[in-house]
Amino acid sequence: MITDMMNEVKTKKHSRGASFARSLLDAWSWLFLILILGFFEIYAQTQTGSTFLFRIHNLQSISIAASQILLLGLGLTLVIVAAQIDLSIAFSTGLAAVVMALIIRAAGVDAGWMIVGLAILAGLGAAAAVGLVNGWLVAYLNVPSFIGTLGTYGIARGAALIVAGGATVSIRNDHTRALGNGDILGIPIPLVVAGVLALGCHYLLKHTRFGVHTYALGANRAAVERAGVDVKKLLIKLFVLSAITAGIGGLIYTSRFSAGAANAGEPILLYAVAAVFIGGASLTGGQGTISGTVIGAFIIAVIQFGLVYSGLPPYWQFVAVGLVIIIAVLVDQSKERIVGDRS
Amino acid sequence: MTPLLKIDGLKKTFGGNEAVRDVSFEVNPGECVVLAGDNGAGKSTVIKMVSGVYQPTDGKVYKNGTLLTGKSPEAVRSAGIETIYQDLALADNLDPGLNLYLGREVTRRVFGIPFLDRKKMREDAVEVMRNLGIVVPDPAAPVRDMSGGQRQAIAIARAIHWQAEIVIMDEPTAALGVPEQREVMALIERLKSKGVGIILISHNLPDIFAAADRIIVLARGMVAGERRPTETNDEEIVRMMMGATL
Ligand SMILES: Nc1ncnc2c1ncn2[C@@H]1O[C@H](COP(=O)(O)OP(=O)(O)OP(=O)(O)O)[C@@H](O)[C@H]1O
Ligand SMILES: [Mg+2]
């Protein structure tokens with residue numbers, strides 16, 4: 001990801017006089033992340049005489065929080081690059097969490113890997129169904145995605161609560177507990193999953209024809225259609241991808257807490273949207289990167305954890321994240337002003 | 001000899017509105033046919049029926065004697081007929097290479113996994129643009145940073161690169177400044193010298209006379225007349241556009 005940023009800075013260097021200012025602005029989210037990490041480190045050193053940054057527990061907590069945000073934000077990044085939005089991910093997550101938990105509970109305490117695998121597939125299938133409906137609404141019925149996915153937000157929420165009987169579905173299963181709370185070489189499994197998915201989404205967006213079509217769709221739908229790309233199929237794939245990455249978030253939730261909750265994803269939705277925009281995407285589409293979203297998710301996670309760590313009432317995190325979103329938009333605008341938008 | 005493109009009795013009705021009533025003409029290799037006409041005369045509708053965007057209510061289009069009517073826009077494109085639209089159909093956020101290859105991107109495999117071959121696409125874009133006499137300042141920059149004339153050149157480069165035999169342009173100079181209009185007119189000459197048949201829609205009389213081998217004037221959905229630029233003048237064309245036939 002760092003080399004990615006370097007490349008970006010490099011290619012823009014010789015374009016114009018304002019290029020230095022521009023590369024600073026392109027890298028602002030990195031600088032910002034370093035800044036808040038530095039802030040909390042200094043705070044910890046001066047107030048408690050200990051370190052914030054170099055403690056495994058802190059890093060693990062931050063990275064688990066970031067991976068939750070990422071699981072909703074990764075597929076969403078591609079959707080937003082295509083100039084669409086997906087609000088329903090909040091409950092694609094919940095639906096997947098609940099469906100997985102129900103199947104494992106039905107199988108009894110000693111459900112084996114087979115059942116767990118089946119439950120995972122069923123959870124993903126439930127999430128993918130939400131994505132299919134979104135794609136169909138947007139691509140074939142021309143429903144604006146904000147409205148369409150607000151509708152499926154409600155439907156998926158209701159469906160998750162109905163199948164869960166309105167309560168949290170708790171399970172007792174060693175396999176899922178190991179999945180959700182284990183680590184690989186010291187790296188928490190949720191972070192490993194989020195990392196692998198981030199790489200996959202980065203590959204899709206940056207290195208495949210699908211990714212180019214997604215960027216082009218965000219900039220000029222007519223251009224993509226005239227180039228012979230099946231835009232309807234493209235939209236369906238995007239919404240299914242978004243639902244599936246969010247669904248994986250739900251599976252991890254169920255595994256970590258040994259319980260599936262319908263509102264597993266709801267508190268994270270806004271953070272995920274924020275991470276995508278902090279990472280350089282724009283509501284008008286055509287821009288945004290996975291590396292940006294990753295940085296955005298870590299910025300939010302550091303703020304969340306850092307504020308709690310420093311003993312402030314946790315509600316300040318909402319204020320802080322809100323401020324960062326506004327800063328992100330202002331940076332984006334000043335970029336256009338400095339470089340001079342020529343369209 | 002069968003013409004490169006034969007348009008035979010095209011007709012298009014929108015609801016009760018007869019946008020195009022009866023339009024026939026032919027295009028030969030290396031020839032530029034200008035479709036002239038007032039606003040609403042039906043010019044864009046005619047070319048959309050050729051490019052497959054609209055299906056005609058009646059009439060047929062043939063390329064080298066083969067029926068084109070009924071084909072999808074993609075099928076028409078792969079039959080060698082490229083249409084360059086007023087709004088250019090470029091993706092502003094992509095570089096010239098990706099725009100050149102949009103919808104037909106090249107990939108190369110690394111350990112069996114396909115990756116976009118951005119380098120090849122960029123190099124090809126620079127090459128095709130150089131053949132058009134245009135230097136691409138920064139092949140990695142999005143086309144949003146390029147001038148209107150350069151952007152138009154990308155659209156034309158796309159046609160050349162994909163070996164179009166017929167290029168259709170709907171008011172390609174409408175949004176451009178004077179020097180860029182000249183660039184585009186020069187590009188049209190190059191396309192002609194490569195044997196490409198061109199249909200050019202234009203309002204602009206100097207452009208019409210500069211580019212046309214034949215001028216077809218449309219008025220109210222009908223062909224009001226057909227002239228060679230050497231055997232007519234501005235006044236007559238304007239009169240025909242206004243609907244005073246012949
Ligand atoms: N999709 C459509 N639905 C209904 N009517 C249409 C449609 N497209 C074109 N028309 C009508 O057909 C007629 C011809 O339109 P067309 O766009 O072909 O004109 P034009 O010669 O290209 O004009 P201009 O110079 O303004 O571009 C107009 O009366 C227009 O209103
Ligand atoms: Mg028109």
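Predicted model: local features only at pLDDT ≥ 70, side-chain atom pairs only at ≥ 80, totals over all residues.
**Exercise 1. A lysine in chain B**

Step 1. Next comes the accessibility. The cut-off for buried is under 20% relative accessible area.

Step 2. Now turn to the side chain. A polar contact, at 3.4 Å, links the side chain of B:Lys192 to that of B:Asp213.

**Exercise 2. A strand and its partners**

Describe how strand 9 of chain B is covered, and find the strands with which strand 9 pairs.

*Solution.* 

Step 1. Strand 9 spans residues 166-170, and five of its five residues are buried.

Step 2. Take the two faces in turn. On one side are B:Ile166, B:Ile168 and B:Asp170, and on the other B:Val167 and B:Met169; all are buried, leaving both faces covered.

Step 3. Follow the bridges to strand 6 of chain B (residues 81-84): four of them join strand 6 to strand 9, and the two run parallel. Within strand 9, B:Val167 is the bridge partner of B:Glu82.

Step 4. Then look at strand 10 of chain B (residues 197-201), which pairs with strand 9 in the parallel sense over five bridges. Here B:Ile199 of strand 10 stands opposite B:Ile168.

**Exercise 3. The nonpolar cores**

Which residues have the most contacts inside the largest nonpolar core?

*Solution.* 

Step 1. The largest core has 156 residues, and those with the most contacts inside it are A:Ile299, B:Met169 and B:Ile188. Helix 4 of chain A (residues 56-81) contributes the largest share of this core, 13 residues.

Step 2. Pick one of these residues, B:Ile188. Leaving aside neighbours within four places in sequence, its contacts are B:Cys32, B:Met169, B:Ile198, B:Leu200 and B:Ala211.

Step 3. There is also a second, separate core of 25 residues, including B:Leu4, B:Ile7, B:Val27 and B:Leu35.

**Exercise 4. Where the chains meet**

How many residues of chain A are in contact with chain B, and which salt bridge crosses the interface?

*Solution.* 

Step 1. On the chain A side, 23 residues are in contact with 27 residues of chain B. The two chains bury about 2100 Å² between them, with 55% of it on carbon and sulfur atoms.

Step 2. One salt bridge is found across the interface. A:Arg209 forms a salt bridge with B:Glu105, and their closest N and O atoms are 2.9 Å apart.

Step 3. On chain A, helix 9 (189-207), helix 10 (209-219) and helix 11 (221-226) each supply at least two residues of the side touching chain B. Helix 10 gives the most, with six residues.

**Exercise 5. A threonine in chain A**

Is A:Thr254 buried or exposed, and which residues does A:Thr254 contact?

*Solution.* 

Step 1. A:Thr254 lies in helix 12 of chain A, residues 231-257. Its relative accessible area is 0%, so A:Thr254 is buried.

Step 2. Apart from neighbours within four places in sequence, A:Thr254 is in contact with A:Ala97, A:Met100, A:Ala101, A:Ile171, A:Ala259 and A:Gly260.

Step 3. Check one of these contacts, A:Ala97: A:Thr254 and A:Ala97 are 157 residues apart along the chain, yet their C-alpha atoms are separated by 5.4 Å.

How values were computed:
Residues numbered from 1 in each chain as written. Chains lettered and ligands numbered in written order. Heavy atoms only, no water. Buried < 20%, exposed > 50% of the residue type's maximum accessible area, 1.4 Å probe, protein only. Helix = DSSP H or I, 4+ residues; strand = E, 2+ residues; numbered from the N terminus. Pairing = 2+ DSSP bridges. Core = buried A, V, L, I, M, F, W, Y, C linked by side-chain atoms within 4.5 Å. Contact = heavy atoms within 4.5 Å. Buried area = accessible area lost by both parts, 1.4 Å probe. Salt bridge = Lys/Arg side-chain N within 4 Å of Asp/Glu carboxyl O. Polar contact = N/O pair within 3.5 Å; in protein donor to acceptor, adjacent residues only side chain to side chain.
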